[in-house]
Structure formats: C-alpha cells, structure tokens
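Hi,

Here is the model I promised to pass on.

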Amino acid sequence: MNQPDKQPTANGGQQFGDTAFKWLTLAMALAVFVLIALIGYELFKGSHLALQKFGWHFLTSSEWDPVNDEYGAWPFIFGTVVSSVIALVIAVPISVATAVYLTELAPQWLRQPLTMFIELLAAVPSVILGLWGIFVMVPWLRVALFPWLQKYFGFLPLFQGPIYGVSMLAGGIIVAIMIIPIITSVSREILRSVPGLQREAAYALGATRWEVTRIAVLSYAKKGLFGAVILGLGRALGETMAVTMVIGNTPQVVKSLFAPGYTLASVIANEFNEASGDMYPSALFEIGLVLLGVTVLVNIFAQLLLKTFAGPSVKPQH
Amino acid sequence: MTAPNHSWRKFKNVFMQALALVCALLVVAPLVLVFYHLIKEGFSAINWAFFTQLPKPVGEPGGGMGNAIVGTFVVLAQAALLGVPVGVLGGVFLSEFGGSKLNWAIRFAADILNGVPSITWGIVVYALMVVPMKGFSALAGGVVLGMMMIPLVMRTTEEVLQLVPGGYREAALALGIAKWKTIVQIVIRTALKGIVTGVLLALARVAGETAPLLFTALGNQHWSHKLNEPISAMPLQIFNYAISPYDDWHRQAWAGALVLLLLVLSINVGVRFLTRDRFGARNH
C-alpha cells in the first residue's frame, strides 16, 4: 500500500471502487422510487376491471353487493372519514397539550421518561390494541360511556339509536389512541425548534407561563403543528387492524356514531381472501387504490408543511 | 394595572398548566391499561407448552403458539435480508453522495412510503408474488415486511451517518484512502451502533404488523418447513384467536399479545440503553 510503484494501479482501483460503490448505493436508494411505481402499477392493474366498469360512479355509489357484482365505495369512504375525524377531534387537543407539557411545563426530570413512555405507546402493534379494544374498551363503552353520552347529549342525532358497543365512535377512539403518539412527538419536535428568544421576549413583557406558551410558542409554531396534525390524519386514514376489530364492519351511512361502520382498510382486510370471481377482487383493489391516493395526498401535504416549517431540524417520523 | 385582571391571568395560567398535565396523563393511560389487562388475562396462559406446542383444535384445552413464534422469526429474518442491505446502502447514498435535489426527492419518496397503509402493502405483494407463485407463502410474507423496512432503515441510517463528524472523512481521505473504503471502514463503523439501532427498531415495528401478512403469509396451524408454503406469525394468530368466539382461544390471544408486546417493547427499551452515546440513533 505504501509502495510508490503501485500507486497508479491503486489509484485506478480506487477510482473504480469509488464509482462502483457510488452506483451500488444509488441503485439501492432508487429502490424507493421502484417501490412507489410498483405499488401504483399493481393497484391499477388489479383494479382495471372495476375502474372500467364503474368509473367515477364507484366513489359515490352505496351499493356493495358481491352476489350481483355491484360495488360502490361510498360507505367505506364515509366510515374512513368519520372515524378519522373523530380520532382527530380527540387526539389533537390531547396531543398538542401533551407536547406543550413536555417542552414548556414539565419538570426536567420527568421529560425524558414521559417521552419514552409515549414512544413505547407508538410501538404497540395495532392488533394488540385491537384485542384490548374488543375485550376491554368496547364493553366499557357499551355499559358506561355510551349510555352517559346518550343521557346527556342524546338530543344530538350523533348520539341517538341503539347501542351495540362496536361502532364508529369506538373505531374513532381506538384510532385516536394510535395517532396520539405520532402527533405528540412531531409536535414536541416542532415546539422544541421554537427559538428561546421568542419565549424570553414574552417573559420580559411580564407574561405568565401560559401566555408565553400561547403568544410566543403556539402561534409561532402554528404551521408546524398543523403539519403534525395532517401527518396524524394520514396515519388515521390507513389504520387497519385495530379499527377492523372494533368498528363493527357494516357498510352503511348513518348519522349515529353508536352505529357500526366500515372503513376502506377494514373491508380489504376482511373480504380480500374470500373475494372470488373477477370483479370482486378488482373492486377491492380499487378500494386499495382510493385509500392509497388519499393517504399519499395527505402525507405529501403534511411533509411539505413540516419541511417548510422547520427544514431538516425536524426529524422524519415513521 | 387592575388587580382582578392580574389574578384572572394567574388563575388561567395555573388552570392551563393543570390541563396540560391531565392530557399528558391521558396519553400515558392506554399503555398502562393495555399492559395491565395483558398481564391479567394472558399471564396465566403462558407456560412451556405455549412456546413449544402447536395450536389445539377448538374444545381441547392447552396447546400453544410454537409455530407462530417460529414463523414470526422466519418471516423477520427474510425481511431483514431484503430490507437491511437496501435500506442501509440507500441511507449511505443519501448521506455521502448525491446532489441535493435528487436526495431531496429520495427522502421525500421514502417519507411517503412510510405513510403507505400497511394493508396496501399486503395487496400489492399479493398481486406481485402470491398470484404468480399460485399460493400464499412465507417468502411473500418476508418480502412484504422487507419492503416496508426499506424506507424506515434508509432514513435512520442517513440520520446517524450525518452525525459522524466531517473531520473523520477528511482525515481518512487525506491519508489517501479511497472514498468507499473511508465510508465502509470509518464512517459506517463509527455509526454502526446507530445503524443497528435503526434496524432493530424497524424489525420491532414490522414484527407487529398483521395486515400485510393476511394475504401473503396467510397463517396455518402446523409447523412450516418450506418457504413456498403458508406460515403462521404471532400477529396473525392473535388476530384469528381474538375474533373467534371461543374463550380458550381468547386466552391464547391474550397470552400471544403479551409475548409479542414484551418482544417489541424490550427491543424498543433495549436499544435506548445500548445507544446512549452521541452516535446512537435518536429514536423515531
């Protein structure tokens, strides 16, 4: 290696090695584009029968009838949107408040363990939360929370009708539990990136701690927090197992949140393996295509918001 | 300044702080509750047979999840074979080579992939592998989880490589060491702990995935010996038992969930204690 006469060949070897290594790593990095293309291609290929037959009507039709080969995705789109909105209504205030607590209010010694706890909650597999949902949460909702809601808020159409336990609201609550960790940890990163000077300036004007948080921190971080919420929405829309286990899996469009529903992801999970013939699987592929389209759009929006807010200082969230 | 206004502000201050604390406790509550119920319902069903025996048919008490536990590790090993090399080398490219525009696009694509619903991965790999191979297989299960690992591992690898000081690279290059050797022997070696952390977290994440396995690995009730045949995995078994109407099976589901959760959480906690230096991956 130190012999001068070998230098030229070593250099040539180096050049070749560097180029080869660069191309090798580039090829691996490009795998992400290959995967995206693959997902799009397979879903289009799988769904082309249904796309041809139903067209845009697929999105608005409420017919889901495998016997007569009539398929429409509206009840599933409705269920997905409603359960995700419920999840956001519950998760956003709790998550943002927790992120505020973690960055602004909590005593130093508590921040680290609490953060770790929240990250562990993010690691709980969906199917385990679903199991807990079926056997613990749903029975409790049926005998405690739902009757209470009906008693005091029963004048709203949302809380009328028979109570089964498994329901749109149960689905929304379980999704909320699943997205709280991600919204919290992204929000926490956002709040941490707010410059200390902002806070000091507000303190210097005599603001209380809450006023500092509200005026100097939250309003400064608005856009980033919005990004965190949208990221949570992306996760909520695609959440599968836990929802499938508690939402009741009934394709219907009704006002009551106590009624069972169905989501795009759940109908694939439940019916894909039993789908026979040509049109039935094709319709399920189209459901997958709709789900992919919506989640990808939502995620692009979230990533753009987060990237323009804080640049690379906010780390990616998985 | 008027005094009532001041006390109102002070009250609001205390009230909002208390509210934030309550929210933080609400966030922690589900994890505690899930753990409590898993231990209460599942612990009694965990014994030697649970780890070594096959599932028993309905009505026969006992039996275990031996095949599903082995199946989970078989599928994870295949996933690692696909996901780790592609993810790590892709992460090396993002950190060490490339123009900013291309890298931005790759990063963006990886972040979008991380947001693709797991059920979507399942039907894609079904169309890609199960249909041409004319059957569900352990291999398809490994491939789907491996694909899901790629963007995860890529992003964490890039992140930890960026933490290696530029001076290390410059020093090696100044000694006339080829760039690729510098990267492999110095940069990657320095960040190795962090890379391993990222890989373990990605494995822990896909180990709990159920939806992608429903249409690929499918699951079964016996020992699998071939990669081109269906294989069981713990999340699949938990799901099937949970939605069944039998009490015996529910107990098995709780026990399986407890074991799976302990596996996933111990990886998550373990890597945090392993990587407490500055080259450790910051967790996700």
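**Chain A**

Reading from the N terminus, chain A goes α-α-α-β-β-α-α-α-α-α-α-α-α-α. That makes twelve helices and two strands, where helices (H or I, at least four residues) and strands (E, at least two) are DSSP runs numbered from the N terminus. Chain A is more spread out than a compact globule, because its radius of gyration is 25 Å, well over the 20 Å that the globule rule gives for 318 residues. That radius is taken over C-alpha atoms, and the globule rule is 2.2 Å times the number of residues to the power 0.38. The C-alpha trace of chain A spans about 85 × 65 × 35 Å along its principal axes.

Before you go further: this is a predicted model, in which local features need pLDDT of at least 70 and side-chain atom pairs count only at pLDDT 80 or more, while totals for chains, interfaces and linings use all residues. Residues are numbered from 1 along each chain as its sequence is written, and chains are lettered from A and ligands numbered from 1 in the order in which they are written.

On confidence, pLDDT is the predictor's own figure for each residue, from 0 to 100. Chain A has a mean pLDDT of 90, with 93% of its residues at 70 or more. Residues 1–9 of chain A are another story: pLDDT is below 50 there, and the stretch has zero contacts in the model beyond near neighbours in sequence. Where pLDDT is low, the predicted coordinates should not be read in detail.

For contacts, I count two residues whose C-beta atoms, placed from the backbone, lie within 7 Å. In chain A, 77% of the contacts between residues at least 6 apart in sequence join residues at least 24 apart. As for burial, 49% of the 318 residues of chain A count as buried. Buried means 20 or more other C-beta atoms within 10 Å of the residue's own, exposed means 12 or fewer, and partly exposed is in between, again with C-beta atoms placed from the backbone.

**Places to look in chain A**

Which helix would you expect to be mostly covered? Helix H11 (residues 264–271) of chain A is, with six of its eight residues buried. Those six are Leu264(A), Ala265(A), Ser266(A), Val267(A), Ile268(A) and Ala269(A). Further along, Gly277(A) sits in the loop between H11 and helix H12 (279–310) of chain A. Gly277(A) is exposed, with 11 other C-beta atoms within 10 Å. Its C-alpha atom is 43 Å from that of Leu305(A), 28 residues away along the chain.

Helix H9 (residues 209–238) of chain A is worth a look too. It has 30 residues, yet its end C-alpha atoms are only 38 Å apart, against the 44 Å a straight helix would reach at 1.5 Å a residue; the expected span is 1.5 Å times one less than the number of residues. H9(A) bends by about 65° at Lys222(A), the bend being the angle between axes fitted to the seven residues ending there and the seven starting there.

Most residues other than glycine have a negative phi. Asp69(A), not a glycine, has a positive phi of about 55°. Asp69(A) is in the loop between strand S1 (64–65) and strand S2 (70–71) of chain A, and is partly exposed, with 14 other C-beta atoms within 10 Å.

**Chain B**

Chain B has twelve helices and zero strands. The C-alpha atoms of chain B fill a box of roughly 70 × 65 × 35 Å along the principal axes, and 53% of its 284 residues are buried.

Leu218(B) also has a positive phi, near 70°. Leu218(B) lies in the loop between helix H10 (211–214) and helix H11 (234–242) of chain B, and counts as buried, with 22 C-beta neighbours inside 10 Å.

**Where the chains meet**

How many residues does each chain bring to the contact? Chain A gives 76 residues and chain B gives 75. On the side of chain A that touches chain B, helix H2 (residues 31–54) of chain A supplies the largest share, eleven residues. That side divides into 50 nonpolar, 19 polar and seven charged residues. Here Ala, Val, Leu, Ile, Met, Phe, Trp, Tyr, Cys and Pro count as nonpolar, Asp, Glu, Lys and Arg as charged, and the others, Gly among them, as polar.

Cheers
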